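I opened this entry to keep a record of what I looked up. The coordinates come up here, and my notes follow.

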Amino acid sequence: EVVPLRELLVTDLRPRLWLVFAIVGTVLAIACVNVANLLLTRATTRQRELAVRAALGAGTWALVRQMLLESLLLAGAGAALGLLLAAWFLGGLQAFQPASVPSLSGLGLSPPVLLFAFAAAGLTGLLCGIAPALATRHAQPAEVLKSGGRSGSDGGWAERVRTALVTRQVAL
């Protein structure tokens, strides 16, 4: 029976690697929910500004596009910083290689890894930007501008979304 060398070297590490993958995925999901909640809160406090833009002629799609672009830029900056930290830690990990791990010399930030990191960042940015974009779409500019406060009332929609996001974050 022929067994690939990679299978022979990594077989006992496979369950641990899947566990690490699951933990990292869960932490990413918690971070996504947290960032979505922060962006939704920020969008609620910016309702007056967005209402003025809408009153000056900005369409709903332009406002939604702005909110999505902001979240995508945040996700892209986070991915770039994460890749820089990964490259730095990878060098340190290879320098202090544990004896129980086979060879780490083949590890690196290859093009598929970079593609996956930026694809995950793009998906994360879209998922985190949907709630604020929808909150922007549901806002009534005339009502927001009539209110005397710095930020208008969101009609409870954003509050319900924030409550749902916090519930999911605690559940994760």
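**Val-161 and its contacts**

I started at Val-161, which touches Leu-40 and Ala-131, leaving out residues up to four places away in sequence. Contact here means heavy atoms within 4.5 Å. Val-161 sits in helix α7, residues 157-171.

**Ground rules**

I noted that the model is predicted, that local features need pLDDT of at least 70 and side-chain atom pairs pLDDT 80 or more, while totals for chains, interfaces and linings use all residues. Numbering runs from 1 along each chain as its sequence is written, and side-chain values use heavy atoms, with hydrogens and water left out.

**Overall make-up**

I counted secondary structure next. The protein has 7 helices and 0 strands. Along the sequence the pattern reads α-α-α-α-α-α-α. Helices (H or I, at least four residues) and strands (E, at least two) are DSSP runs, numbered from the N terminus.

I then looked at burial. Of the 172 residues, 23% are buried. Buried means under 20% relative accessible area, exposed over 50%, and partly exposed in between (1.4 Å probe, protein chains only). The protein exposes about 11,600 Å², and carbon and sulfur atoms supply 70% of that area. The areas come from the Shrake-Rupley method with a 1.4 Å probe; for residues, only the protein chains shown count as cover.

I also checked contact range. Among contacts with a separation of 6 or more, 75% join residues 24 or more positions apart.

**Helix α2**

What span should α2 have at 1.5 Å a residue? Its 32 residues should span 46 Å, and the end C-alpha atoms are 46 Å apart, which agrees. The expected span is 1.5 Å times one less than the number of residues.

I listed the buried residues of α2: Cys-32, Val-33, Ala-36, Asn-37, Leu-39, Leu-40, Ala-43 and Thr-44. Thr-41 also lies in α2. Thr-41 is partly exposed, at 36% relative accessible area.

**Nonpolar cores**

Which residues make up the largest nonpolar core? I found 8: Cys-32, Val-33, Ala-36, Leu-39, Leu-40, Cys-128, Ala-131 and Leu-165. Two elements, α2 (14-45) and α5 (111-138), each give two or more residues to this core. The largest share, 5 residues, comes from α2. Apart from this core lies another, of 7 residues, including Ala-43, Leu-63, Val-64 and Met-67. For the record, a nonpolar core is a set of buried Ala, Val, Leu, Ile, Met, Phe, Trp, Tyr and Cys residues joined through side-chain atoms within 4.5 Å.

I moved on to α3, residues 47-55, where Gln-47, Leu-50 and Ala-51 are buried. Down the axis of α3 these buried residues fall within an arc of 105°, so they line one face of the helix. The arc is that of the directions from the helix axis to the C-beta atoms. After α3 comes Gly-57, with a positive phi near 120°.

Buried residues in α4 include Ser-71, Ala-75, Ala-79, Leu-83 and Leu-90.

Gln-66 belongs to α4 (residues 60-95). Is Gln-66 buried or exposed? Gln-66 is buried, at 17% relative accessible area. Leaving out residues up to four places away in sequence, Gln-66 touches Arg-46, Glu-49, Leu-50 and Arg-53.

**Aromatic pairs**

I searched the whole structure and found 2 aromatic pairs. The Trp-18 and Phe-21 rings have centres 5.8 Å apart and planes at 85°, so this pair is edge-to-face. Rings of Phe, Tyr and Trp (its six-membered ring) pair if their centres lie within 6.5 Å; planes under 30 degrees apart count as stacked, over 60 as edge-to-face and the rest as tilted. Trp-18 and Phe-21 are 3 residues apart in α2, about one helical turn. Trp-18 is exposed at 55% relative accessibility, and Phe-21 is exposed at 53%.

The Trp-88 and Phe-89 rings have centres 4.9 Å apart and planes at 50°, so that pair is tilted. Trp-88 and Phe-89 are both exposed.
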